[in-house]
Amino acid sequence: MKHLIHEVSFGDEIKNQNIPGSFNTLQGKDKSTSGESDTHEYVMKVVPTIYEPLGRGKMISYQYTYAYRTYDTSHVYGRVPAIWFRYDLSPITVRYHEKRQPLYSFLTTICAIIGGAFTVAGIIDSSLFTASELFRKHEMGKLT
């Protein structure tokens, strides 16, 4: 049985491309080259997903993965070709929650960068000073 799947999705449509996941993995699946007596079976594992964008209400959608199997029914009497969609709902829910980085975290990061720069500059200054003192002592002949 030949077929083309345009879309299989569950729940709200989430358009944020930054969210990892498979919300419509069967989109565009083309089986137009299969035989007329083939039966197709799609077994989907569906996971509920809650997406809470910043400043808006939550959206409930479902991600899924699928396994595909096809078999020929021409040799079995009384069997007609079919397309089966079987699904299994997961008891675990995935939750994506957008949040901004707090101001104190940003300030702490800036202070850490500045403190690290001063530390590295201090180490370089101390190394150069020690090297110059050793060189000066060597020139004077007081290096033992």
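## Aromatic pairs

In this predicted model, a search of the whole structure turns up four aromatic pairs. One of them joins Tyr 42 and Tyr 66, with ring centres 6.2 Å apart. Their planes meet at 55°, so the pair is tilted. This pair links distant parts of the chain: Tyr 42 lies in strand β4 and Tyr 66 in strand β5 (residues 59-72), 24 residues apart.

Tyr 42 also pairs with Tyr 68. That pair is tilted too, at 5.0 Å centre to centre and 45° between the planes. Again distant parts of the chain are linked, since Tyr 68 sits in strand β5, 26 residues from Tyr 42. Ring pairs link Tyr 42, Tyr 66, Tyr 68 and Phe 85 into a cluster.

Tyr 42 is buried, with a relative accessible area of 0%. Tyr 66 is partly exposed, at 28%. Tyr 68 is partly exposed as well, at 31%.

## The nonpolar core

The largest nonpolar core has seven residues: Ile 5, Val 8, Leu 26, Tyr 42, Met 44, Val 46 and Tyr 64. Strand β4 (residues 38-52) gives the most to this core, with three residues.

The charged end of Arg 86 sits over the ring of Trp 84, 4.8 Å from its centre.

## The helix

Helix α1 (residues 103-140) has 38 residues. From first C-alpha to last, α1 reaches 55 Å, close to the expected 56 Å. Gly 141 follows α1, and its phi is positive, near 85°.

Notes
Residues are numbered from 1 along each chain as its sequence is written. This is a predicted model: local features need pLDDT of at least 70, side-chain atom pairs count only at pLDDT 80 or more; totals for chains, interfaces and linings use all residues. Side-chain values use heavy atoms; hydrogens and water are left out. A nonpolar core is a set of buried Ala, Val, Leu, Ile, Met, Phe, Trp, Tyr and Cys residues joined through side-chain atoms within 4.5 Å. Buried means under 20% relative accessible area, exposed over 50%, partly exposed in between (1.4 Å probe, protein chains only). Helices (H or I, at least four residues) and strands (E, at least two) are DSSP runs, numbered from the N terminus. The expected span of a helix is 1.5 Å times one less than its number of residues. Rings of Phe, Tyr and Trp (its six-membered ring) pair if their centres lie within 6.5 Å; planes under 30 degrees apart count as stacked, over 60 as edge-to-face and the rest as tilted. A charge sits over a ring if NZ of Lys or CZ of Arg is within 6 Å of the ring centre and within 35 degrees of the ring normal.
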